[in-house]
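Me: I have a structure open and would like to go through it with you. Could we take the sheet before the rest?

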Amino acid sequence: MNGPTTPTTPPADAVLPDRSPLAPAPGTLIGSHYDECFGCGPQHPQGLQLTAVAGEHLDVTAQFTVKQAHQGGPGLAHGGVLVSAMDETLGTLNWLLGAPAVTGRLETDFVRPVPVDSVLHIHARVTGVHGRKVYSAAEGRIDGPEGPVAIRAQALFVQVKLEHFTTHGRPEDVQKVLDDPDQIKRARAFEVNP
C-alpha cells in the first residue's frame, strides 16, 4: 500500500476473508438496513437515500444524487454530507462479511467540488480484516463511474453485537424496531453502521 501508515491502514497480518455465505449475490441491490437511516433510508426526507449494489468480491458500488438540501456553499455539496455518503457506502461492505459493524475511524480527502444535482458514483472495497477490525477504502467520482475523483476515504470499522444498538440507541426508536412484526426488517435495522 502506498502512502503513510494510518489507523485506517490494515496491519501486515490482516487478511482478506471470503464473502459470507449470507452476503447478497453480486449485482444485487443492497436495500436499506433501516427505513429512517440518514444514509440509506427511503423514509428520511432530507437523507441521502443512497443505493448500493454488491460487487463481485469484497466490494460495493453506490450512487447518491446531491440535492439542494445537501448543499454547503452555493450550488455545491456540503463536505459533511459527502463524508456521510462515503461512510454509508463503506459501512455497506459489512453486508458482504455477514457481521454488523460500526465506524471506528474515517479519513477523507476532498479532491474536487461536487455540484448540486450531480450523481456521486462510489466504489468501496474491503482492504483487510484483523480480528474485529474491518479496514476499507472508497472513491467517489462525478460525471459517471469512470469520471474524475471527487472524494477518497479510508475507514476502520469495528464488528459489534446486537447489544451495541439496543444499549446505546434511543429507547423509543429501538422499541419501534423491536415491535415490527417483519422479522427480516427488524434484524436488518441493527445490522450495519447505524
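Me: What do strand 2 and strand 3 form, and how many residues lie between them?
Reply: This is a predicted model. In it, strand 2 and strand 3 make a hairpin, with four residues between them. The two strands run antiparallel and are joined by four bridges.

Me: Which residue in strand 3 is the bridge partner of T51, and which is that of A54?
Reply: T51 is paired with Q63, and A54 has V60 as its bridge partner.

Me: How many bridges join strand 3 to strand 5?
Reply: Seven bridges do, and these strands also run antiparallel. Within this pairing, T61 stands opposite H123 of strand 5.

Me: What is the order of the strands in the sheet?
Reply: The order is 1-2-3-5-6-7-4, in an open sheet of seven strands with antiparallel pairing. Strand 1 and strand 4 (101-110) are at the edges; each has a single partner strand, so one side of each has no neighbour in the sheet.

Me: Let us move to the core. Which residues touch the most other members of the largest nonpolar core?
Reply: That core has 37 residues, and L50, F64, L90, V114, L120 and I122 touch the most other members. Elements that give two or more residues to this core include helix 1 (79-92) and helix 2 (94-97), as well as strand 2 (51-54), strand 3 (59-65) and strand 5 (119-130). Strand 6 (133-141) and strand 7 (149-159) are also among them.

Me: What is F64 in contact with, leaving aside its neighbours within four places in sequence?
Reply: F64 is in contact with L48, L50, H70, V81, L82, A85, S118, V119 and L120. Of these partners, V81, L82 and A85 are buried residues of helix 1.

Me: Is helix 1 largely enclosed or exposed?
Reply: Ten of its 14 residues are buried, so helix 1 is largely enclosed by the rest of the structure.

Me: What about its length, from first C-alpha to last?
Reply: Helix 1 reaches 20 Å between those atoms, close to the 20 Å expected at 1.5 Å a residue.

Me: Switching to records, which residues does the UniProt annotation "domain: Thioesterase" cover?
Reply: According to the UniProt record, an unreviewed entry, that annotation covers residues 75-142. In the model, the span is 26% helix and 46% strand, and its end C-alpha atoms lie 15 Å apart.

Me: One more region. Where does T8 lie, and is T8 buried or exposed?
Reply: T8 is in the segment before strand 1 (29-30). Its relative accessible area is 1%, under the 20% cut-off, so T8 counts as buried.

Me: Which side chains make a polar contact with the side chain of T8?
Reply: The side chain of T6 does, at 2.8 Å, and the side chain of E107 does too, at 2.8 Å. Not counting residues up to four places away in sequence, T8 touches R105, E107, Y135, Q154, A155 and L156.

Me: And where does L156 lie, and what is L156 in contact with?
Reply: L156 lies in strand 7 and counts as buried, at 11% relative accessibility. Leaving aside neighbours within four places in sequence, its contacts are P7, T8, V102, T103, G104, R105, K133, V134 and Y135.

Me: How many residues apart along the chain are L156 and S136?
Reply: They are 20 residues apart along the chain, and their C-alpha atoms are separated by 6.5 Å.

Definitions and conventions:
Residues are numbered from 1 along each chain as its sequence is written. This is a predicted model: local features need pLDDT of at least 70, side-chain atom pairs count only at pLDDT 80 or more; totals for chains, interfaces and linings use all residues. Side-chain values use heavy atoms; hydrogens and water are left out. A nonpolar core is a set of buried Ala, Val, Leu, Ile, Met, Phe, Trp, Tyr and Cys residues joined through side-chain atoms within 4.5 Å. Buried means under 20% relative accessible area, exposed over 50%, partly exposed in between (1.4 Å probe, protein chains only). Contact means heavy atoms within 4.5 Å. The expected span of a helix is 1.5 Å times one less than its number of residues. UniProt positions are given in the numbering used here, feature names are shortened, and annotations may be inferred rather than shown by experiment. A polar contact is a pair of N or O atoms within 3.5 Å; within protein, one must be able to donate a hydrogen and the other to accept it, and residues adjacent in sequence count only if both atoms are side-chain atoms. Two strands pair if DSSP finds at least two bridges between them.
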